[in-house]
Amino acid sequence: MNEQTAPSPRRGARGRGRRPADEVRADVLRAVGELLMEEGLGGLSFERVARLSGASKTTLHKWWPSRGALALDGYFHAVEPALDFPDTGDVRADLLAQLRSFVRVMTRTPGGRILTQLIGEAQTDTELSAAYRGLYSSQRRALAAERLLRAQEVGQIRPEVDVRVLIDQLWGAVYHRLLIPDEPVTEEFAAALVGNLLDGVGPR
C-alpha cells in the first residue's frame with residue numbers, strides 16, 4: 001500500500017511522488033507521540049496529525065478508526081523504548097528494572113496522565129477499547145509473560161505458578177494506584193511489590 005501525499009514537513013522536501021506506507025506510518029506515529037508528550041490528549045486531532053506528518057486525513061481514518069485508537073498507537077510507540085523488558089538472567093533484577101522504568105514513565109513524564117486518559121476514554125470508545133487490548137495491554141503482558149516463563153524454566157519461579165497472575169499482582173497494583181491515586185506510585189513501591197512477591201509475606 002502506498003500513499004500519495006505532499007512532502008512531510010518533518011523530513012523536508014522530497015519532490016512529488018509516492019511515499020512508502022511504512023514511512024508514512026512512522027511519520028504519523030512520531031507526530032502523534034510528540035504531540036501527546038508535549039500537549040497531552042486534548043491537543044490531538046486528525047487535522048493536526050495530518051498537517052505535521054504529511055499524511056492525508058483519508059489515510060489516517062483508514063488506518064485508525066478513532067482519535068483514541070490513533071492516540072494509543074502513537075503513545076505505545078513513544079514509550080516502547082523505555083519499557084523494554086531486560087533479561088540479565090536474574091528475574092528479581094529484571095522485574096525491578098522494568099517496574100522502575102514503568103514507574104518513571106508514569107510519574108516523571110506525561111505518559112501516566114495520557115495513559116489514564118486513554119483508559120478512561122476506552123470505557124465509551126469501543127474502537128479504542130479494542131485497540132488498547134490488542135496493541136498495548138496484550139503486548140505488554142506478552143513481554144512480561146515471556147520473561148517470567150524463562151525464569152520458570154531455569155528454576156527461579158516454581159513450575160506450578162501461573163505467571164499471568166504474577167503479572168496482575170505486579171503491574172495491576174501499579175495501575176490501581178495510577179487510576180485511584182489514594183497512594184503514590186513510587187520506585188520504592190515497585191521494589192516492595194517485587195520483594196513481597198518473590199520473598200512471600202508469611203512468617204519465617
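Modeller: A word on terms before we start: two residues are in contact when heavy atoms of theirs lie within 4.5 Å. The structure above is a predicted model.

Colleague: Thanks! Which residues does Tyr75 touch, not counting residues up to four places away in sequence?

Modeller: Tyr75 is one of the residues with the most contacts inside the largest nonpolar core. Leaving out residues up to four places away in sequence, Tyr75 touches Leu36, Met37, Met106, Gly111, Ile114, Leu115, Leu118 and Tyr136.

Colleague: How many residues does the largest nonpolar core have?

Modeller: In soluble globular proteins, nonpolar side chains tend to be buried together. Here Val28, Tyr75, Tyr136, Trp171 and Tyr175 have the most contacts inside the largest core. The residue count of that core is 62.

Colleague: And the overall layout: what pattern does the protein follow along the sequence?

Modeller: The secondary structure comes to nine helices and two strands. The C-alpha atoms fill a box of roughly 70 × 35 × 30 Å along the principal axes. Read along the sequence, the pattern is β-β-α-α-α-α-α-α-α-α-α.

Colleague: Among contacts between residues at least 6 apart in sequence, what percentage joins residues at least 24 apart?

Modeller: For background, buried residues make up 45% of the 204 residues in the protein. Of the contacts between residues at least 6 apart in sequence, the share that joins residues at least 24 apart is 60%.

Colleague: Let's turn to helix 1. How far apart are its end C-alpha atoms?

Modeller: Helix 1 runs over residues 21–39, so it has 19 residues. At 1.5 Å a residue, these should span 27 Å. The model agrees, with the end C-alpha atoms separated by 27 Å.

Colleague: Which residue just after helix 1 takes a positive phi?

Modeller: Within helix 1, the buried residues include Val28, Val32 and Leu36. Just after the helix comes a residue with a positive phi of about 85 degrees. That residue is Gly40.

Colleague: Are helix 1 and helix 4 roughly parallel or roughly perpendicular to each other?

Modeller: Two packed helices are described by the angle between their axes and the distance between the axes. For helix 1 and helix 4 (residues 67–79), the angle is about 85 degrees and the axes are 8 Å apart. The contact is made by residues including Val28, Val32 and Leu36 of helix 1 and Leu70, Gly74 and Tyr75 of helix 4. Angles of 65 to 115 degrees count as roughly perpendicular, so helix 1 and helix 4 are roughly perpendicular.

Colleague: Now for charges. How many salt bridges does a search of the whole structure find?

Modeller: One of them joins Arg19 and Glu23, with the closest N and O atoms 3.5 Å apart. Arg19 has 3% relative accessibility and Glu23 has 16%, so both fall under the 20% cut-off for buried. The search of the whole structure gives a salt bridge total of 17.

Colleague: Which residue does Arg92 meet in a salt bridge?

Modeller: The N to O distance in this pair is 2.6 Å. The pair links distant parts of the chain, helix 5 (residues 91–108) and helix 9 (residues 187–199), 107 residues apart.

Colleague: What distance separates the C-alpha atoms of Gly195 and Arg92?

Modeller: Gly195 sits in helix 9 and is buried, at 17% relative accessibility. Beyond its neighbours within four places in sequence, Gly195 is in contact with Arg92 and Gly200. Gly195 and Arg92 are 103 residues apart along the chain, and their C-alpha atoms are separated by 8.3 Å.

Colleague: Which residues are linked with Glu146 in a network of salt bridges?

Modeller: Glu146 forms a salt bridge with Arg150, the closest N and O atoms being 3.1 Å apart. Both lie in helix 7 (residues 126–153), four residues apart, about one turn of the helix. An α-helix has 3.6 residues a turn, so residues three or four places apart point the same way. The network links Glu146 with Asp87, Asp94, Arg147 and Arg150.

Colleague: Last one: how far apart in space are Thr126 and Leu166, C-alpha to C-alpha?

Modeller: Thr126 lies in helix 7 and is exposed, at 63% relative accessibility. In sequence, Thr126 and Leu166 are 40 residues apart. In space, their C-alpha atoms are separated by 28 Å.

Conventions: Residues numbered from 1 in each chain as written. Predicted model: local features only at pLDDT ≥ 70, side-chain atom pairs only at ≥ 80, totals over all residues. Heavy atoms only, no water. Salt bridge = Lys/Arg side-chain N within 4 Å of Asp/Glu carboxyl O. Buried < 20%, exposed > 50% of the residue type's maximum accessible area, 1.4 Å probe, protein only. Core = buried A, V, L, I, M, F, W, Y, C linked by side-chain atoms within 4.5 Å. Expected span 1.5 Å × (residues − 1). Axes fitted to C-alpha atoms, helices over the stretch in contact; angles between N-to-C directions. Parallel < 35°, antiparallel > 145°, perpendicular 65-115°, else oblique.
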